[in-house]
Structures are given as C-alpha cells and as structure tokens.
Amino acid sequence: MERGAVFLSYASEDRPTVGLIRDALEQVGIDVWFDRDELGGGDAWKSKILRNIESCCLFIPIMSSNTLTPKRREFRTEWYYAREEHIKGRPDLRFIIPVTIDDTNAQSPGLVSWLREIQWVALPGGQATPEFVELVRTLFRDYQRSRVATA
Amino acid sequence: MSAELAELIPTPDQLRLDAERPWPGLVAFREADAAFFHGRDSDIANLYRMVMRERLTVLFGMSGLGKTSLLQAGLFPKLRDENLLPIRIRLDYADQSPPLLQQIKQAIVVFAGAAKVESPPVQNGETLWEYFHKKGAVFWNTRNRVMTPVLVFDQFEEVFTLGRDNPARAAEIKEIIGELADLIEGHCPETVKSRLDQYPEEAQQYAFNHHPYKLVFSLREDFLADFEGLRRQIPSVIHNRLRLRSMHGEQALQVVTKAGGHLVDTDVALAIVNFVAAAQASGSPLLEELDIEPALLSLICHELNEKRIQIGATQIGAALLAGSSAEILEGFYERCLANQAPELRHFIEDRLITTSGYRDSVAYESALETSGVTAEMLGRLVEQRLLRAEDWSGQRRIELIHDVLTGVVRKSRDQRRLGEQWDEHHEAVLKDWRQRTAAASEAHYKLASSFRRQNLVWGFTVVIFSSVVGASLFPIMAVPEAIHPVWKLAIISISVATAILVALQTFLRFGERAEKHVIAADWYASVCRDIYQLLAFSTEERGSPKDCLDRIRKEISKIGQQSPEIDDRLWKVMVAKYGVEHHEALLKDWRQHHEALLKDWRQHHEALLKDWRQRTAAASEAHYKLASGLRKKNLMLGVPLVTSSNVVGTGVVAVPEDIIPPAFKIALLLNGIGTAILVTLQTFLRFGERAEKHLIAADWYASVCRDIDTLSTEERARPKECLDRIRKEISKIRQQSPEIGDRLWKVMATKYGVDIAYPLAH
C-alpha cells in the first residue's frame, strides 16, 4: 500500500458498493487501499494489515447491515487495529470516519461501543458526496503536508 | 498575434525528435526529448543531488555546452519524479514586456497549469517571499502530493547583457535581485517587516522558517564574475555550484550511438566524434581526452542526418563527412538564408544580435513590421532551426536558436557592413587604378619589346663587325705587306666602330632595361588582374574599402618605385588608349558624393588637404620631368664620351704607327683631350645619379598623392591625426629629395593651381 493512502475497511459482501466510493476518491487523486484479498491469510495477513493501518492517513470503516454481525470477521480485526492506532499514534487527529452505505447508523445494534461515539457520514448506495470527497481530500493533504514538513 | 500567423510558426510538437531525427541540432533538448538526451548521466545525477541538497543551485558553463538541455531533458524529468515542479524562467528585458516580477509570477502560473498542479493564487503587489511563505500556500499535484516549486532561471547572464543594455530596466533588475536574495537567503523582506511591525497580527499568516521552494540559476561561465558580484546581497551564490564542462569522447560517442545507433555504425560514429573534436583543435587521439562541444556535435549529427534523409540512405555513411565543422556551421547559416530576400539577412544580423555580438530577441509582431520580412520567411527559419519563436510573458518573440550561431552571424554582419562602405568613389578609384595598371603594363611591355629589339640589332651588328675584324686581323698581322693600305684603314675603322658599339651596348644596357620593363609589366598586369577580380567580387567579399584600396595603393607605389620610367609620349598614348581619367576628376566626384559626410571636416582642413594633394601631384610631375631631363643629358654626355674614348683607345693601340698620317694623330690627340673633359664633366654633373634621385622623389610624391585621394571618411573624421600623418610624410620626402628649382616649380604650381606664396611642400 502507498504510504499515506486512505484505508477502506468493509465487509466483503459490500465490495461492489465500496468500489464506488473508492472510484470517487481515486478520481480526485486520493490513494485508496482496497484490495484486502491480495494479502492472503494467517499471521502474515494480520501483520500486513497492522502495518497498513499504521501507515494510512485515514481509516474509513464502511458500515452496513453486513457489518452488524457479531461474528469474527476480518473487518472487526481492522477496526480493532485502527482504534489502537488512533489512541496510541494519532489521538488529536481525525483518523477514523465511519461511512454508512445503507440504513445502518450509530445507534444500530451490534456495534462496538467506541464506534457510536464518532461522527458518521452517510453515503447511501456508496454515492460519495462532494462534501465527503473534499473532507477526505483535506485530511489526505494534511497528512501529505505533514510528511513533507517532517522529511 | 492572429491565428493564421501563429500557424506559420511550428509548434514544439512539430519539432519533436523521433527515431528518424534524434538530434536536435542547435535547438536545446526539451523535456519531451529526454529519451534522446545522452552523454550527461553523471552531470544529471550531480545536478539533481545539488538541487535536493540546498535551496540555491548554480549551474554554469561556457556557451554551447548544453546547459538548457541538461536542465530540460536531464534535470526536469528527475525533479518531477520526486514531486518537484520545475518552472523555467527566462526573463524578457524588452521595453514592451511586462515587469520582471510579473513575468516570474506568470511563469509560475503557466508551468503549474501545464503540469496540472494547483498553485496558490497570485496576488498583485505581493513579494515573492510573501507568496511562498504564506501558510497554506502549497502546490498540489493531481495525486494530492505536495509539489516543491523549483524556479529555474535559464540564461541568467542576460541580466548582465540585455538587462544592462536597457536603462529603463535597471531599477527593476535591482528590485528583482533583492526579491530573489530574500527568497534564497530566507530573509523576510524589509517592506514586509515594516508592515508586520505596524500590524503584528498579520504575522500569523506566514511561516517564517519554512521555505517550500528551490532556485536554480543557469548562466554562461564568462559572466561568473558578474554573477559573483551579487554575493554581498546573496552569499549563497558562491556555494552549491556545478560547472558544466565540454564532453569527452566517450560521452560524445553516447550522444551519437545511443540516440541514433540505428542510423550510424560504430566506425562512422567514431569518425563523427573525431571530426567534431578536430574542429576544436584538441587533436588528441585518445577518445577520453577529446574535448567536444555538444551543441556543435548535435548540429553536425543533425546536418549529416538531414543529408542522409535527403539522399534516401538508411545510414549515415563516412562519405557524408566532408568539409569542416566550421564550414558546416557557416554552411548551415548560408543554406538557411539561400534564396531569401536580403532584408531577412539584415534583420537577423542587425536585430537578433547586439552590437557586441550577444544574442538578442525581437517581438514577433515587431519583426513582421520590418520591411521585406514576412511571417512565411520567419516560419521557414524556425522550421530549419535557425530561429526560435517562443512565448515569453504572453508575447511571442523571435531569436537565434543558439549562442553558437552568434559568431557566424556576427562575421557575416561585419563582412556585409564592410561591403556597405563601398561607394561610387571607391569603385571609381578601383576602376581608374585598373585602367592605369593595364596601361602601365602595356607601356612596359612595349618598352621591353623595343629595348629587346634594339638589343638584338645592336648585338647582331656587333657580332658581324667583330667577326669581320677577327677574320681580317690574322692576314694583317701575318702578311701585312700583302694587304692594301685602304683595306687596312677600312678594317681599322670597323675595329674602332665595333669597340664603340660594344661600349655603347654596355652603357645603354638595352637587354637589362628590357628585363626590368618586363618585370614591371608583369607586376602591373598582376595587380590589374587582382583589381579585375576585386571588381568581380561582391562588396561583401572585398572587405573594407580602406583596407582594400590601401593594399592596392601600396602595391602600385612599390611597383612605381622599383620600375623603370615610362616616357611621357608613350604614357600619353596609353592613357588615351585606356581612357584613364585624371585623378582630379575623381576627386571632384568624391567631394560631391561625400559632402554630407564631411560636415565635421572643417573648411580649412579641407583646403589644406586639397592644397597638399595638388602640391604632391605637382612635385611628383616636376621630379619626373627633372629625372627625364637629366637622363637625356646623361645620354647626351655618355654617348659622345663612350664614342670618343673608344676612338682614343683603339686609335692609339690598334692602328700601326706607319700608316697614321700626322693630321690623324692631331685629331686623336684632340679627341683624347675632349674625352678627358667629358669624363670630368660626367663625374662632376652626375646626371644619372641625379635622375635616379628625382625619380625616387617623383614616385614617393605620387604615392602620397594617391594616399590623399583615397583617404577614407573615417580617417577624414579625425583631421588632426590625418593631416599630421600626411604632413610628416611630405616633410620626409622633402628632406630626402633633390631641389626642383624655382622656374619648373612655378610652371608646375600654375598647372596644378597651387599657391606659390604658400610654400607648404616647396
């Protein structure tokens, strides 16, 4: 993954819809990490996921009815790592922006409690709004600028 | 500029290199040509490293080493790979161009736009420091990466050439140097500091310690001293510098083979490299020791390749390499201008280089206002890559494509200007001299022929006589009693006559004089041919009229001094045959023609010069007359002397005592006395020697007279210097010449209209 990319975390059932969001972001020049499948499985997968989350500029969990399951799914591991990174590495920055693509919202049952405390963005059917794209671009650029400043 | 005019100027795409044409000639490699740019790998790496290391990088090198190519095709692609935005700036110092600061800001906007980079908005009245130090002033590329702008000032030496030539820009240049100094050194400008002192809250807008930009100055090495003069204001100018050197043979070989390996085999590639190296007189046989100017190499490769395309060959063969690289350069220039209106050449030579020979540019619209220069012509020269049309600050300008051409253009201009100095008078003088030398040559040939004939007749007579004497002497000596006295007397008379003839032959030197006349005739004929050839040349080819006429004049004077005299009668015949005009008529024409040019020549200088001219002409003629008279006297004294002395000699020695009647003895005695008197007179009067001296003086005066007739306007513009020189020359002749005598001088003075009461020359 390109360092500083936007990490899209989603349930594999939502992949086609999330693809729309990825396209909208990539269209304005934002690097997006999307292809989780390429990492394979097992311990190697976990360490790569962890590394990618540490090096991304923004973590966007895509929320839908498919993510309300209490089962052990890959996206739940990603949420966990992102939460860790936010608390330990970037407590003052806006690092996690949950995006809902259906009726799911912060009050929906089955969610981990800390996700309820963060402001969500609603993009029904994966249709990215200009405001959302601009918000992501601003955060992406802030990250890029901080990299140049510390280089 | 109208759209249809714009179409006549090829766009950069039309001039882009491809595999068929991989060498740009004198055009600098552009970023798009990076694939064809070879031989500078280490320079690119060094330059890139230096740019990344410091805020300011200075690239310098002699003209023709490819600084612009190195920047555009070498550095720029690497910078872009690393999220740096190269902004090439070439400041335009022409009167009608926008302010320099505005040009820089405009270049930033243009280059950012072309690279699809989002740049901070430019605001009027803002300094460059404010522009780059404003918080949030970030250059973003389409992938939302921060781009660091790199202001690349190409041909920065023009600050010291074109900038200085334009006084209106002087204050602005000072200001822009100040702006650049603040950027480079990271100092907040004084004007901004004062404002922030007044409004401290505005300080929040700026990031004082963050300098998100870089600068590169590229300039010619010969302006390095001027550039270093800026170090008080910009201490960084003496650090982080890269000196670009000429290529060695290996690098040059890469230029030929890597870019166009399919068009040339290794042997020919080596031959091309050696050919270019030889043109620069490095002469080293080792490839790595060769010293090669890349611009010249590129031009030669380009020209050879064009020849290859023209003849439809697949490769450049060794046979195409003919002539020298200097000839290729001149040939390239001349070929571009072949069959073009002379006005186009004048435009290029008068407007596209400065007086001192530096490259200059002209606004395209202004170029088209030049009489005889059309858009088609300019378009063609741009296509041929002699000229470049480039948009500077929104204005299209025309310039020579490369500095390497300035030498050729300047040479052509200077040659042309020398040619333009030729006027009707110079032409008339040259024609007059041509006729005079032709007339003199024929006269000398005639004299030589006449003397040879006399020599032959004389010699034949002597041979016959001496044979008769020789054949008769034996019987006289052997059997004197058998010879009748009358026969004896006849033979004695023939002996005396033979002796006289031999002595006169020695005295009159017919053969020797004939030889001298032949030499003079040949010499005059050679000068005459020279003049014919000059008249056939164009005025450009003849060079400066002063130098040309001086050379011929000196040659004629030299022949005059070293040649025998042509007598007046023959000269008059020749003058009539060749229609030689009198100098006075030429001088009159010349005065009328140059009247306008002689404003500064004060009246009395003119009168003085005219007087001297007439005096030298009069003195020359007087000396010729005296020389001629003295020679005649010499002959009149010499012939009787030789005759009488031979009569005495042969009479005393050869005639037997017994047959001499007493009266003859008395006659011989008187003849002996007369001979002694003649010898004494000859020694005392020195007619021959005096004639020679007069002849030398006559030639010398004639030479000064011709000098005055051919004085150039430039010389006449400095009357003191000019008159001093002529005066000294006249005084020198006067001191070293014999007297003319009042009577003859009066005659000559009257003939030439010289005031006798004002004895300048006599």
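This is a predicted model: local features need pLDDT of at least 70, side-chain atom pairs count only at pLDDT 80 or more; totals for chains, interfaces and linings use all residues.

User: Let's start with chain A. What pattern do the helices and strands of chain A follow along the sequence?

Analyst: Chain A holds 5 helices and 5 strands.

User: Of the contacts in chain A between residues at least 6 apart in sequence, what percentage join residues at least 24 apart?

Analyst: For background, chain A has 151 residues, and 32% of them count as buried. Taking its contacts between residues at least 6 apart in sequence, the share that joins residues at least 24 apart is 77%.

User: How many residues of chain B are in contact with chain A?

Analyst: On the chain A side, 8 residues take part. These divide into 3 nonpolar, 2 polar and 3 charged. Across from them, the number of chain B residues in contact is 7.

User: Now helix α7 of chain B. Which elements do its buried residues pack against?

Analyst: Helix α7(B) covers residues 170-185 and reaches 22 Å from its first C-alpha to its last, close to the 22 Å expected. Its buried residues are B:Ile176, B:Leu180, B:Asp182, B:Leu183 and B:Ile184. In chain B, their packing partners are β1 (56-61), α4 (100-114), α5 (128-133) and β5 (214-220).

User: Which residue just after α7(B) takes a positive phi?

Analyst: The helix itself ends at residue 185. Just after α7(B), a phi of about 70° belongs to B:Gly186.

User: Which residues does B:Ile272 contact, leaving aside neighbours within four places in sequence?

Analyst: Nonpolar side chains tend to be buried together in soluble globular proteins. Here the largest nonpolar core has 58 residues, and B:Ile272 is among those with the most contacts inside it. A second, separate core has 53 residues, including B:Leu47 and B:Phe60. Back at B:Ile272, the contacts beyond four places in sequence are B:Val256, B:Ile300, B:Cys301 and B:Leu321.

User: And is B:Glu540 buried, exposed or partly exposed?

Analyst: B:Glu540 sits in helix α21 (residues 539-542) of chain B, and beyond four places in sequence it touches B:Gln415, B:Arg416 and B:Gly419. A residue needs 20 or more C-beta neighbours within 10 Å to be buried, and 12 or fewer to be exposed. Because B:Glu540 has 15 inside 10 Å, it counts as partly exposed.

User: How far apart in space are B:Glu540 and B:Ser412?

Analyst: Along the sequence, B:Glu540 and B:Ser412 are 128 residues apart. In space, C-alpha to C-alpha, the distance between B:Glu540 and B:Ser412 is 8.7 Å.

Key:
Residues are numbered from 1 along each chain as its sequence is written. Chains are lettered from A and ligands numbered from 1 in the order in which they are written. Helices (H or I, at least four residues) and strands (E, at least two) are DSSP runs, numbered from the N terminus. The expected span of a helix is 1.5 Å times one less than its number of residues. Two residues are in contact if their C-beta atoms, placed from the backbone, lie within 7 Å. Ala, Val, Leu, Ile, Met, Phe, Trp, Tyr, Cys and Pro count as nonpolar, Asp, Glu, Lys and Arg as charged, and the others, Gly among them, as polar. A nonpolar core is a set of buried Ala, Val, Leu, Ile, Met, Phe, Trp, Tyr and Cys residues joined through C-beta atoms within 7 Å.
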